[in-house]
Amino acid sequence: MNGRCTLVVPCYNEASRLDAEAFLAFADSREGAPALLFVDDGSRDDTRMILAGLCSRSPGRISLVALDRNQGKAEAVRTGLRAALAGGASVVGYMDADLSTSTPEMQRLIELYHASGMEVLMGARVSLLGREVRRQPARHYLGRIFASAASWALKLPVYDTQCGAKLFKSTPALESALQRPFLSSWAFDVELLGRLLVGDGSGNRLAPDRILEEPLRAWRHKPGSKLSAWHMLRAGLDMVRIARVMARERHASVKRGAGVSSPAWH
């Protein structure tokens, strides 16, 4: 999967709402279009068959990693990102299978990423005049609470960690951050950023000023989301755990300067 950019698309039982033609057009739209790497997370419907069909229609541009059993979105994304990096992509990212962030919008983010010179670009669902960001009110307000918790954990004024549209430069810090499974299935976006910011103790870490949040021009909630109120509550509880690990790792970084290792991300 060599190329300038590879996007990971995690899928679990998406047969009824996967817009195969939109993804095919995206992958084949232009020279330099991103490669797409779908990760089927042990789907029980026809998702895998649909994805295999997409691969056969666009070989070299669309590929599939098939997991034997459902392991959750966090592990599907981690597996896909590692495969994309191993395939030689210089930029990797992920987007949602339901296309809540549309393919034209994702292409705009990719172009902005390359122009910005940043290492991480995150789409942000911000309701502004002239933008079409359609979120359910309850999810919006829960999201604001979650974002506040994420800002506290990361010690960054981040607006939206949970938008499923992100891009990362291939770096040793990213490869290190993806070595181990995430602690949380639903707050893994925060955890990934935390791992990048804290680093692995060998000097490979992400500087906060190398992250860019970009308000999306359009985002639409799609029915059939697998994120329930319980999952939101669980993600909030996971956030406390992630914050504790980050605090422990920041403290350990002082000791690392004296040659003492204390890995905390487990």
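Here, buried means under 20% relative accessible area. Keep that cut-off in hand as you browse these close-ups, all taken from a predicted model.

View 1. R108 and E105 are both buried, and together they form a salt bridge whose closest N and O atoms lie 2.9 Å apart. Why do these two sit about one helical turn from each other? They are three residues apart in helix α4, which spans residues 103–116. As a handy reminder, an α-helix has 3.6 residues a turn, so residues three or four places apart point the same way.

**View 2. E119 and R210 meet across the chain.** The salt bridge between E119 and R210 has its closest N and O atoms 3.8 Å apart. This pair links distant parts of the chain, 91 residues apart: E119 is in the loop between α4 and β5, while R210 is in the loop between α7 and β8.

**View 3. E21 and R57 join helix α1 to helix α2.** Here the side chains of E21 and R57 meet in a salt bridge, at 2.8 Å from N to O. The pair links distant parts of the chain, with E21 in helix α1 (residues 20–27) and R57 in helix α2 (residues 47–57), 36 residues apart. E21 is partly exposed, with a relative accessible area of 46%, and R57 is partly exposed with a value of 46%.

**View 4. A network of E14, R17 and D98.** In this close-up, look for three residues, E14, R17 and D98, linked in a network of salt bridges. For context, the structure as a whole holds 13 salt bridges.

**View 5. Helix α7, enclosed by the rest of the structure.** How many of the residues of α7 are buried? The count is 11 of the 11, so this helix is largely enclosed by the rest of the structure. Among the buried residues you will find F188, V190, L192, L193, L196, L197 and V198, and the list also includes D189, E191 and R195. G194 is another buried residue of α7. Follow the chain to just after α7 and you reach G199, which takes a positive phi of about 85°.

Methods:
Residues numbered from 1 in each chain as written. Predicted model: local features only at pLDDT ≥ 70, side-chain atom pairs only at ≥ 80, totals over all residues. Heavy atoms only, no water. Salt bridge = Lys/Arg side-chain N within 4 Å of Asp/Glu carboxyl O. Helix = DSSP H or I, 4+ residues; strand = E, 2+ residues; numbered from the N terminus. Buried < 20%, exposed > 50% of the residue type's maximum accessible area, 1.4 Å probe, protein only.
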